[in-house]
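This briefing is meant to be read with the sequence and the 3D view side by side.

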Amino acid sequence: MNESPHSVQVKMSKTIVSDSIVIIGNTLETAESLRESVLLRDFDEVKCYSLDDAFTLLAGFSADLVIMDPEGEYDKALKLVANLPSSVSVIFLAESFDESTFLNCFDAGAKDFLVKPVNPAYLVSRVLNVL
């Protein structure tokens with residue numbers, strides 16, 4: 001897979017869960033801030049991308065789970081999720097609950113939908129549940 005010049009990769013020395021997670025935010029900063037929550041557990045690999053970078057990497061996409069925080073860019077995020085392999089689980093994060101967005105996320109293939117702010121321990125629990 002080609003790495004984006006704007007990606008951040010974290011390798012953990014002690015692996016409890018050997019799954020790869022990709023965090024996609026509307027911006028890279030959004031994705032990186034979510035990484036801290038996920039790193040409460042020792043996952044094998046966590047990569048962060050902006051939503052725009054994720055589109056360019058779609059052809060070589062490889063992950064067990066995507067955490068998507070589109071910050072209002074739902075149409076773009078839904079298009080990306082709809083094109084992921086069905087084996088990739090997706091957790092959507094949203095600023096507020098909107099029934100239309102909620103249903104569209106699940107129609108696109110999301111496995112979970114959480115409203116922010118999300119307690120970091122709860123997010124990790126949902127990640128473990130989806131994996």
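Helices and strands are taken here as DSSP runs numbered from the N terminus, a helix needing at least four residues and a strand at least two. The model is a predicted one, and its protein chain holds five helices and six strands. Along the sequence these elements follow the pattern β-β-α-β-α-β-α-β-α-β-α.

**The chain as a whole**

- Of the 131 residues in the protein chain, 48% are buried, where buried stands for under 20% relative accessible area.
- Among the contacts with a separation of 6 or more, 65% are between residues 24 or more positions apart.

**Strand β5 and Ser89**

- Ser89 belongs to strand β5, which covers residues 89-94, and it counts as buried because its relative accessibility is 10%.
- Apart from residues up to four places away in sequence, Ser89 touches Asp64, Leu65, Val66, Lys111 and Val130.

- In helix α3, residues 74-82, the buried residues are Tyr74, Ala77, Leu78, Leu80 and Val81; they are on the same side of α3, because they cover an arc of only 160° around the axis.
- Asp75, Lys79 and Ala82 are exposed on the other side of α3.
- Glu71 counts as partly exposed, since its relative accessibility is 34%.

- The buried residues Thr101, Cys105 and Ala108 of α4 line one face of the helix, because, seen down the axis, the buried residues fall within an arc of 70°.
- These buried residues are covered by elements that include α3, β5 and β6, whereas Glu99 and Asp107 are exposed on the other side of α4.

**How α3 packs against α4**

- Two packed helices are described by the angle between their axes and by the distance between those axes.
- For α3 and helix α4 (residues 99-108), the packing angle is about 20° and the axes are 9 Å apart, which makes α3 roughly parallel to α4, since angles under 35 degrees count as roughly parallel.
- The crossing in which α3 passes α4 is right-handed.
- On the α3 side, the residues that meet α4 are Tyr74, Leu78, Val81 and Ala82, and their counterparts in α4 are Thr101, Asn104, Cys105 and Ala108.
- By residue type, the contact of α3 with α4 is made up of six nonpolar residues, two polar ones and no charged ones.

- The peptide bond from Lys116 to Pro117 is cis, with omega near 0°, and Pro117 lies in the loop between β6 (112-115) and α5 (120-130).
- Arg126 is a residue of helix α5, and, leaving aside neighbours within four places in sequence, Arg126 is in contact with Ile91, Asp112 and Leu114.
- Although Arg126 and Phe113 are 13 residues apart in sequence, the distance between them in space is 9.7 Å, C-alpha to C-alpha.

Technical notes:
Residues are numbered from 1 along each chain as its sequence is written. This is a predicted model: local features need pLDDT of at least 70, side-chain atom pairs count only at pLDDT 80 or more; totals for chains, interfaces and linings use all residues. Side-chain values use heavy atoms; hydrogens and water are left out. Buried means under 20% relative accessible area, exposed over 50%, partly exposed in between (1.4 Å probe, protein chains only). Contact means heavy atoms within 4.5 Å. The arc is that of the directions from the helix axis to the C-beta atoms. Axes are lines fitted to C-alpha atoms, for helices over the stretch in contact, and angles run from 0 to 180 degrees between N-to-C directions. Angles under 35 degrees count as roughly parallel, over 145 as roughly antiparallel, 65 to 115 as roughly perpendicular and the rest as oblique. A crossing is left-handed if the near helix is turned anticlockwise from the far one by less than a right angle, and right-handed if clockwise. Ala, Val, Leu, Ile, Met, Phe, Trp, Tyr, Cys and Pro count as nonpolar, Asp, Glu, Lys and Arg as charged, and the others, Gly among them, as polar.
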